[in-house]
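Subject: Structure handover

Hello,

Here is the structure I promised to pass on. Please open it beside this message, and then read on for what turned up.

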Amino acid sequence: MVKIRLRRDGAKKRPFYHVVAADIRRARNGRFIEELGYYNPIVPADAEPIVELKEDRIRYWLGVGAQPSDVVAALLRKKGLLPAKEAATTS
């Protein structure tokens with residue numbers, strides 16, 4: 001099974017992430033199938049985190065059954081590539 005997840009790069013306490021499609025049995029920073037973009041959460045306080053995604057390739061992987069991790073799913077929702085999560089209703 002293929003998962004769309006983050007691969008960590010960067011220095012200590014300065015993370016930088018690559019969004020990749022990888023087999024779920026591989027290590028977090030191990031071999032991956034395809035790089036789909038990047039995410040830089042460390043930016044100045046007055047700016048948004050930097051997210052660059054290859055939208056056509058992400059749509060392809062989602063179309064063939066790849067599952068995004070929780071963090072990647074949140075990034076995809078912000079970019080409009082996944083439908084918004086429905087709020088849980090309490091009765």
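Which residue in S4 is the bridge partner of Asn40? It is Ile50. Keep that pair on screen, as I come back to the strands below. One caution before the rest: this is a predicted model.

**Overall layout**

The protein chain has two helices and five strands. Along the sequence they follow the pattern β-β-β-β-α-β-α. The C-alpha trace spans about 45 × 35 × 25 Å along its principal axes. The chain has 91 residues, and 33% of them count as buried. It exposes about 6400 Å², with carbon and sulfur atoms supplying 51% of that area.

Two more values for the whole chain. Take the contacts with a separation of 6 or more: residues 24 or more positions apart account for 30% of them. As for charge, there are 18 positive and 11 negative charges, and their mean positions lie 8 Å apart.

**The sheet**

The five strands form an open sheet in the order S4-S3-S2-S1-S5, and the pairing is mixed. S4 and S5 (67–68) stand at the edges with a single partner strand each, so one side of each has no neighbour in the sheet.

Now the pairs. S1 and S2 are antiparallel and share ten bridges. Within that pair, Gly10 has Pro15 of S2 as its bridge partner. S2 and S3 are also antiparallel, over five bridges. Here Tyr17 stands opposite Tyr39 in S3. S3 and S4 run antiparallel too, joined by four bridges. Besides the Asn40 and Ile50 pair, Tyr38 has Glu52 of S4 as its bridge partner.

Is S3 enclosed or open? Look at burial: five of its seven residues are buried, so S3 is largely enclosed by the rest of the structure.

**The core**

The largest nonpolar core holds 17 residues. Ile4, Leu6, Val19, Leu36, Leu53 and Trp61 touch the most other members. Six elements each supply at least two residues of this core: S1 (2–11), S2 (14–23), S3 (34–40), S4 (50–53), H1 (55–63) and H2 (70–79).

Beyond its neighbours within four places in sequence, Leu53 contacts Val19, Leu36, Gly37, Ile58, Leu76, Lys79 and Leu81.

Arg7 lies in strand S1. Is Arg7 buried or exposed? Its relative accessible area is 13%, so it counts as buried; the cut-off is under 20%. Leaving out residues up to four places away in sequence, Arg7 touches Phe16, Tyr17, His18, Val20, Arg28, Asn29, Gly30, Phe32 and Glu35. Arg7 and Tyr39 are 32 residues apart in sequence, with 9.7 Å between their C-alpha atoms.

Lys13 sits in the loop between S1 and S2. Its relative accessible area is 73%, so Lys13 is exposed; over 50% is the cut-off. The backbone of Lys13 deserves a look as well. Its phi is near 65 degrees, a positive value in a residue other than glycine. Most residues other than glycine have a negative phi.

Leu82 is in the segment after H2. Which residues does Leu82 touch, not counting those up to four places away in sequence? They are Leu62, Pro68, Ala73, Leu76 and Arg77. Leu76 is also a contact of Leu53. Ala27 is another matter: it is 55 residues from Leu82 along the chain, and their C-alpha atoms are separated by 25 Å.

**Where to start**

Begin with the Asn40 and Ile50 bridge. Move to Leu53 and its contacts. Then view Arg7 in S1 and Lys13 in the loop between S1 and S2. Finish at Leu82, after H2.

Best wishes

Technical notes. Residues numbered from 1 in each chain as written. Predicted model: local features only at pLDDT ≥ 70, side-chain atom pairs only at ≥ 80, totals over all residues. Heavy atoms only, no water. Core = buried A, V, L, I, M, F, W, Y, C linked by side-chain atoms within 4.5 Å. Buried < 20%, exposed > 50% of the residue type's maximum accessible area, 1.4 Å probe, protein only. Contact = heavy atoms within 4.5 Å. Areas by Shrake-Rupley, 256 points an atom, 1.4 Å probe, with all protein chains shown as cover. Lys, Arg positive; Asp, Glu negative; His and termini not counted. Charge placed at Lys NZ, Arg CZ, Asp CG, Glu CD. Pairing = 2+ DSSP bridges.
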